[in-house]
Amino acid sequence: MAIPRPSPSYARPPPAPFSRRHPHLSLPRPNTTDVITGDADNNVTDHIFEKMGYALHKRPDHPLGIIKAVIGDYFDEKFGKGEFATFDDMYPIVTAHANFDSVLVPPDHVSRSANDTYYVNKDTVLRCHTSAHQAEMLKDGARKFLVTGDVYRRDSIDATHFPVFHQMEGVRVFEPKEWEDAGVDAVDLASAELKETLEGLATHLFGDVETRWVDAYFPFTEPSYELEIFFKGEWLEVLGCGVMEMKILEDAGLGDKRAWAFGLGLERLAMVLFDVPDIRLFWSDDKRFTKQFKEGMFRAGGVGMQKFKPYSKYPPCLKDVSFWLPKENPESFTENNLCEVRSISHWFPYDRVGVVNADP
Ligand code: PHE
């Protein structure tokens with residue numbers, strides 16, 4: 001039977017299948033004028049502003065929220081529940097002083113350039129790492145804490161780079177009594193606990209994997225290290241860390257103490273653990289992405305856990321199709337007959353009813 005083509009008025013665009021934002025979980029969005037100022041040094045684009053306030057790390061069923069929670073659980077297990085205070089809501093617009101000077105980034109360091117950092121004006125930036133909060137947290141009295149947040153770095157965009165991503169910072173301060181009682185050097189104690197803690201974290205996340213420490217340089221730690229793990233046949237850098245520079249503690253009035261600190265990227269971990277092939281997918285509100293992840297689904301190393309399943313690059317297209325079955329012997333209608341009906345209904349591109357008379 002000939003099937004009428006839809007009239008033009010019938011071919012309206014599909015409704016947006018779901019809302020773009022999750023307001024109940026978003027952080028307050030800065031005002032546009034707090035970010036896009038027209039100041040001579042202002043280099044924040046609309047595209048970046050549009051990403052602010054999403055708080056992907058606060059969504060329990062989002063891969064970034066899941067990894068954040070798994071790391072939080074590890075610190076609760078290792079140090080006692082709530083011993084590490086967690087902060088997820090720190091405002092991402094910080095002073096250049098907090099972002100750079102407070103963590104001893106030298107005046108001529110490349111990360112300060114307008115090519116690498118988003119400036120609101122000459123004294124205000126979008127934080128380029130969660131280390132921007134170390135000094136203020138210490139001054140506020142925090143001694144063991146985790147800070148998670150969105151960080152911003154000007155960069156090219158591809159499957160593994162995006163100018164907004166999420167970091168978690170961990171800091172732990174030692175009292176003199178701790179190294180005196182242990183009869184060891186303060187830096188040795190901090191270094192040893194740091195390495196032991198982060199090796200434990202690697203096992204918590206990746207299962208029984210080989211790890212190695214690589215010497216590194218950060219302006220805010222000495223000694224500094226990077227932790228690498230051997231996962232799926234390659235060495236993967238998972239975090240940077242070290243013993244906090246004394247100057248940072250002194251500036252916070254904690255000159256008699258010692259501390260360790262680490263910083264890790266949540267996207268990096270989530271991509272390898274959930275098999276997410278492209279960093280841009282984390283920003284998707286497409287249900288075919290978001291429905292694949294659930295709070296509590298995580299298993300170490302992804303073993304026995306549902307991994308990300310790729311889906312079509314085309315948007316979902318729902319079809320509501322009606323048709324008749326043959327009067328005689330309706331059981332002869334099989335699954336692939338249904339597929340034929342579906343493909344005929346391509347003529348009705350935007351849902352609604354296609355009528356096919358299957359009666360011979
Ligand atoms: N802030 C560093 C980065 O973004 C990571 C880091 C944090 C390293 C704390 C050492 C200590 O790369």
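Welcome! Helix H7 is followed by Gly207, whose phi is positive, near 80°; helices here are DSSP runs of H or I with at least four residues, strands are E runs of at least two, and both are numbered from the N terminus. This is a predicted model, in which local features need pLDDT of at least 70, side-chain atom pairs count only at pLDDT 80 or more, and totals for chains, interfaces and linings use all residues. Residues are numbered from 1 along each chain as its sequence is written.

**The chain**
- The chain holds 11 helices and 12 strands.
- Of its 360 residues, 30% count as buried, meaning that 20 or more other C-beta atoms, placed from the backbone, lie within 10 Å of the residue's own.

**Helix H7**
- H7 covers residues 186-206.
- Its buried residues include Leu194, Leu198, Leu201 and Leu205.
- An α-helix has 3.6 residues a turn, so residues three or four places apart point the same way.

**The ligand shell**
- Among the residues around the ligand are His129, Glu169, Phe218 and Cys241, each with its C-beta atom, placed from the backbone, within 6 Å of the ligand.
- Strands S9 (234-244) and S10 (258-265) each supply at least two residues of this shell.

**The largest nonpolar core**
- This core has 72 residues, of which Cys241 and Ala270 touch the most other members; a nonpolar core is a set of buried Ala, Val, Leu, Ile, Met, Phe, Trp, Tyr and Cys residues joined through C-beta atoms within 7 Å.
- H7 gives the largest share of the core, eight residues.

Technical notes. A residue is buried if 20 or more other C-beta atoms lie within 10 Å of its own, exposed if 12 or fewer, and partly exposed in between; C-beta atoms are placed from the backbone. The expected span of a helix is 1.5 Å times one less than its number of residues.
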